[in-house]
Amino acid sequence: MSTGSAARDAHEGDAPDEGAEIDIEPDYRFTLANERTFLAWNRTSLGLIAGGVAVLQLVPEFGPTGSRHIVGALLAILGIVVSLASLRRWALVQRAMRRDADLPPSRLPLVLTGGLIVVTLAVVALVLAAR
Amino acid sequence: MNRRTRRLTDRPGLQPERTALSWDRTAIGLLANGALLVFRSNHAGQIVLYIAAGFALLATLTCALLSRYRHRRILTVATTEIRAFTGGLLTVTGLIVGLGLVVLVAALSAL
């Protein structure tokens, strides 16, 4: 799911009329705001990875053998996806601002929500599987 | 207040401060991951956790240095010369993805 939306993002980013626009560096406040948004997403990514580590390190064994490791791995994967997607998002936004174009729509919230739902359902399934 | 009364091109205002704080919070996030990785890592064959923690510590240092470099750069050039920090952003993404991959390996190797 995440890979699919990243691919669609990439497709949208590669506008056919590339080179036709004039690139003008945006006001520094927009550049810095875009940078902070990127960093905020990356802290979200770090939070997800930390959640994965916490599940591995602190949570007692639950459900079938290896349940904790599956949940930890899912959280780490989600963290990686969010970090990579935020870099792509940052680049697309920066380019749009340089061309004074509309900001591209973001699928990052959808990716994050979908990923968290998947993790949550996995936890529920693993807990129920042990009963 | 600054926005209304002063010329932006001359005075960067609070933007650099907020950006530097954002970078520093990211560094703290990396450090927290490192701390979690060595916390109670007494499982058998979890050397990979210590490797991951070492990586997180190096990543923290790198991120903090990037923060400092970026902040000084923003404050020393004219605001019209402030450019996107592409290299720094690529670096921090690489560090976080790297950390995620090590954690992923740690999770899967213990299965």
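This is a predicted model: local features need pLDDT of at least 70, side-chain atom pairs count only at pLDDT 80 or more; totals for chains, interfaces and linings use all residues.
Trainee: Which residues of chain A does UniProt list for "transmembrane region"?
Mentor: The unreviewed entry lists residues 38-58, 70-87 and 108-130 of chain A.

Trainee: What does the model show over 38-58 and 70-87 of chain A?
Mentor: Residues 38-58 of chain A are 95% helix and 0% strand, with the end C-alpha atoms 29 Å apart. Residues 70-87 of chain A are 100% helix and 0% strand, and there the end C-alpha atoms are 26 Å apart.

Trainee: Which spans does UniProt give under that label for chain B?
Mentor: For chain B, the "transmembrane region" spans in the unreviewed entry are residues 21-41, 47-67 and 88-110.

Trainee: How much helix is in 47-67 and 88-110 of chain B?
Mentor: Residues 47-67 of chain B are 100% helix and 0% strand, and their end C-alpha atoms lie 30 Å apart. For residues 88-110 of chain B, the figures are 96% helix and 0% strand, with the end C-alpha atoms 33 Å apart.

Trainee: Now helix α2 of chain A. How far does it reach?
Mentor: Helix α2 of chain A covers residues 28-57, which is 30 residues. From first C-alpha to last, α2(A) reaches 42 Å, close to the 44 Å expected at 1.5 Å a residue.

Trainee: How many of its residues are buried?
Mentor: For α2(A), 21 of the 30 residues are buried, so the helix is largely enclosed by the rest of the structure.

Trainee: How does α2(A) sit against α2 of chain B?
Mentor: The partner in chain B is helix α2, residues 15-38, and the two axes come within 9 Å and cross at roughly 15°. That makes α2(A) roughly parallel to α2(B), since angles under 35 degrees count as roughly parallel.

Trainee: Is that crossing left-handed or right-handed, and what residues are in the contact?
Mentor: The crossing of α2(A) and α2(B) is left-handed. The residues of the contact divide into 13 nonpolar, nine polar and six charged.

Trainee: What about packing within chain B, α3 against α4?
Mentor: Helix α3 (residues 47-76) and helix α4 (residues 86-109) of chain B pack at an angle of about 170°, with their axes 10 Å apart. α3(B) and α4(B) are therefore roughly antiparallel to each other.

Trainee: And which hand does the α3(B) and α4(B) crossing have?
Mentor: The crossing of α3(B) and α4(B) is left-handed.

Trainee: Changing topic: what is the phi of A:D100?
Mentor: Phi of A:D100 is near 55°, a positive value in a residue other than glycine. A:D100 is in the loop between α3 (67-98) and α4 (108-129) of chain A.

Trainee: Is A:D100 buried or exposed?
Mentor: A:D100 is exposed, because it has 11 other C-beta atoms within 10 Å, and the exposed class is 12 or fewer.

Trainee: Where is A:P104, then?
Mentor: A:P104 is found in the loop between α3 and α4 of chain A. A:P104 counts as partly exposed, with 16 C-beta neighbours inside 10 Å. A:P104 and A:L92 are twelve residues apart in sequence, and their C-alpha atoms are 7.0 Å apart in space.

Trainee: Last one: where is A:G114?
Mentor: A:G114 is in helix α4 of chain A. With 15 other C-beta atoms within 10 Å, A:G114 is partly exposed.

Methods: Residues are numbered from 1 along each chain as its sequence is written. Chains are lettered from A and ligands numbered from 1 in the order in which they are written. Helices (H or I, at least four residues) and strands (E, at least two) are DSSP runs, numbered from the N terminus. The expected span of a helix is 1.5 Å times one less than its number of residues. A residue is buried if 20 or more other C-beta atoms lie within 10 Å of its own, exposed if 12 or fewer, and partly exposed in between; C-beta atoms are placed from the backbone. Axes are lines fitted to C-alpha atoms, for helices over the stretch in contact, and angles run from 0 to 180 degrees between N-to-C directions. Angles under 35 degrees count as roughly parallel, over 145 as roughly antiparallel, 65 to 115 as roughly perpendicular and the rest as oblique. A crossing is left-handed if the near helix is turned anticlockwise from the far one by less than a right angle, and right-handed if clockwise. Ala, Val, Leu, Ile, Met, Phe, Trp, Tyr, Cys and Pro count as nonpolar, Asp, Glu, Lys and Arg as charged, and the others, Gly among them, as polar. UniProt positions are given in the numbering used here, feature names are shortened, and annotations may be inferred rather than shown by experiment.
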